[in-house]
Amino acid sequence: MYCKCALSPYYVKNTDRCTRVEDSSTRYVAEENIQLTRPDYPGHALLTLAGKYFKRWDSTSHSFISNVKDEYPDD
Amino acid sequence: MAKTIEDLPTEIIHQILEYVTPTTIPAVQLVSRQFSTIIQPLLWRHYCQVKYRYWSASRSIEAKYLDEVVKTDWKALYIERYRLECDVDREINSILSSQSGRLEKVQSITARGYDAKDALLRHLKASDDAADVLARRYHSDAILGSMHRREAVQQWADLRENNPVPWERALGAFDMLTLHDGPGDLDDIAHKLDELISRLRLECPGIEGLSPRRRAVAVASFMRRSGFDGVSDERDYYDMRNSFIGKALFADDHSTLPLISAVIFSALAQRLGLDAHPCGFPFHVHAVVKSGSGMTLDGYARPESFEGELMFVDPHRSEEEITLPEMRQKLLTLRLSNENDSVLVPSVPADMVRRTSRNIITAIQRLSRPPPYRTADISESGDMDSAFYGALWALLILPEGDLVSRAEQLRRYVPYIMQNVELKYPWDLGLVEEFLLPSLVGTDLHGTVRETVRTIRAGDAMPKQPKRRTATENRVYFKVGQVFQHRRYSYTAVIIGWDAECLADEEWISHMNVDSLSKGRYQSFYHVL
């Protein structure tokens with residue numbers, strides 16, 4: 001009944017097919033693939049979406065301030 | 001000569017008191033009996049008008065403002081609204097402070113409809129200094145979006161119930177899908193059309209006395225000289241924006257598809273008493289005007305048995321009348337003569353809603369990348385997602401054809417809607433329950449959707465399991481909130497969560513070749529945005 005896209009967040013509907021998430025809004029990344037940046041400004045795109053998980057941007061620490069403390073209390 | 005303030009005329013005292021804030025009114029009321037009687041109720045009405053812009057339609061606030069002051073208990077209304085604003089503030093703060101239980105709180109807000117809109121807008125415009133500014137703006141916008149979608153879906157649901165819905169509201173519903181904090185909602189659209197008619201009446205005094213034919217041509221001609229003359233030069237014909245009546249009315253270029261031109265024409269013509277409607281001519285919607293039985297288009301009386309005459313207009317291309325024979329000739333040219341006259345009759349709003357949905361969906365699919373995608377302008381791609389998703393809702397609420405073909409349409413669209421609700425628009429769960437589930441009763445989709453709804457609700461109600469960083473755990477090096485660049489794909493993202501090891505399903509692991517990474521699947525994995 002449901003296609004893969006409806007069942008897993010790692011698939012997306014591409015007109016009629018279910019394709020791999022290569023370009024979706026949330027992803028899952030291995031630690032070794034992460035290269036920290038400490039930008040002065042995170043960019044308009046990130047700022048718009050960040051409100052879902054973060055309170056605000058902190059320019060001193062060059063990171064976002066968490067609003068998911070109930071799930072990650074030590075972060 | 002006035003000796004004390006009370007000697008001043010009432011009107012002057014009123015003007016002075018308008019500077020008093022509502023919270024100090026109780027103190028002012030105690031000054032004297034005269035002050036007490038003067039303040040009610042004109043001042044309370046003034047505060048309602050000035051402090052709050054949006055009210056739920058059920059209150060009929062416009063009618064109340066126009067009616068005699070004493071007919072409404074303005075003080076009670078103000079107090080009720082003030083309390084509502086405080087309640088909404090409290091609910092928003094509660095939503096911001098915890099990830100769980102949000103669904104119920106959001107539904108409590110959206111259930112209030114437009115009464116809650118001013119409060120949401122206030123939070124949407126939170127100042128940059130606010131400690132949780134990003135979260136406040138994001139969530140207010142998301143809740144507002146859901147509320148606006150509810151308004152849109154409600155119009156289409158009314159059409160489904162065969163309730164009469166004016167053309168401009170049926171099509172204006174699409175504008176609600178990408179409204180955010182801008183102007184151009186259903187009421188604004190109606191007012192704009194009223195404004196245009198007022199202007200037309202000024203330009204053509206005595207227009208009410210003209211024959212139907214001349215009135216129709218006057219409207220078409222007015223439209224064209226006011227800038228409503230088709231697709232603007234800067235826009236592609238298939239640009240999504242040409243399908244929105246609100247955008248056409250409020251934008252400087254008034255760019256439209258023929259369908260929307262025909263709807264605007266009909267909405268204006270109806271305000272002048274004409275029996276005007278869009279008609280579904282193939283490839284290019286026109287407008288059809290009927291003279292009414294017992295009368296010709298030139299206003300001459302005929303016996304009651306006389307069915308009336310038809311004329312056509314295509315304001316998208318010209319201000320001139322097109323006769324029925326000319327329309328038949330056009331059909332012949334298109335080699336569609338076997339359609340008879342079935343496309344030369346007034347259409348119904350549900351048909352034009354479906355057409356507009358398909359136009360919007362096609363317009364978005366024509367772009368090189370299908371949704372979801374990132375464009376340079378994140379808000380525009382977000383709006384395209386919303387418009388696409390909203391257009392699907394319209395097709396879902398108003399499937400066409402016989403039972404079998406309707407069932408097929410539902411089967412095609414429901415999975416996509418549910419996926420979107422789950423991933424991007426969780427606050428629309430209420431819409432699914434109220435407007436979608438009932439229409440699925442008796443189909444095999446009903447059970448699946450109801451189950452999904454239950455899962456989502458349960459997931460939302462459950463408090464999140466805290467993931468603590470203990471010393472014994474395999475070190476999770478990065479933390480929530482850090483910004484990074486992906487070493488292989490080069491995109492920039494932010495960390496929103498982590499797992500001490502890869503917890504995706506086997507299929508994902510093998511597809512992404514996780515095991516061939518130097519640290520394999522037993523390194524920390526991060527959820528990122």
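**Notebook: cavity, cores and chain A**

I looked up the lining of the largest cavity by class and found 2 nonpolar, 2 polar and 4 charged residues. Ala, Val, Leu, Ile, Met, Phe, Trp, Tyr, Cys and Pro count as nonpolar, Asp, Glu, Lys and Arg as charged, and the others, Gly among them, as polar. This is a predicted model, where local features need pLDDT of at least 70 and side-chain atom pairs pLDDT 80 or more, while totals for chains, interfaces and linings use all residues. Residues are numbered from 1 along each chain as written, chains are lettered from A in the order written, and side-chain values use heavy atoms without hydrogens or water.

I noted the lining residues, among them Arg235(B), Arg241(B), Lys247(B) and Asp253(B). A cavity here is a set of points on a 1 Å grid over the protein atoms alone where a 1.4 Å probe fits but cannot get out, and lining residues have an atom within 4 Å of a point.

I then checked the largest nonpolar core, which has 109 residues. A core joins buried Ala, Val, Leu, Ile, Met, Phe, Trp, Tyr and Cys residues through side-chain atoms within 4.5 Å, buried being under 20% relative accessible area with a 1.4 Å probe, protein chains only. Phe174(B) and Trp393(B) are among the members that touch the most others. A second, separate core of 26 residues includes Phe478(B) and Trp498(B).

Chain A exposes about 3700 Å², 50% of it from carbon and sulfur atoms, by the Shrake-Rupley method with a 1.4 Å probe.

Key. 1 Å grid on protein atoms, 1.4 Å probe; cavity = no way out; pocket = protein on both sides within 12 Å on 5 of 7 lines; lining within 4 Å. Buried < 20%, exposed > 50% of the residue type's maximum accessible area, 1.4 Å probe, protein only.
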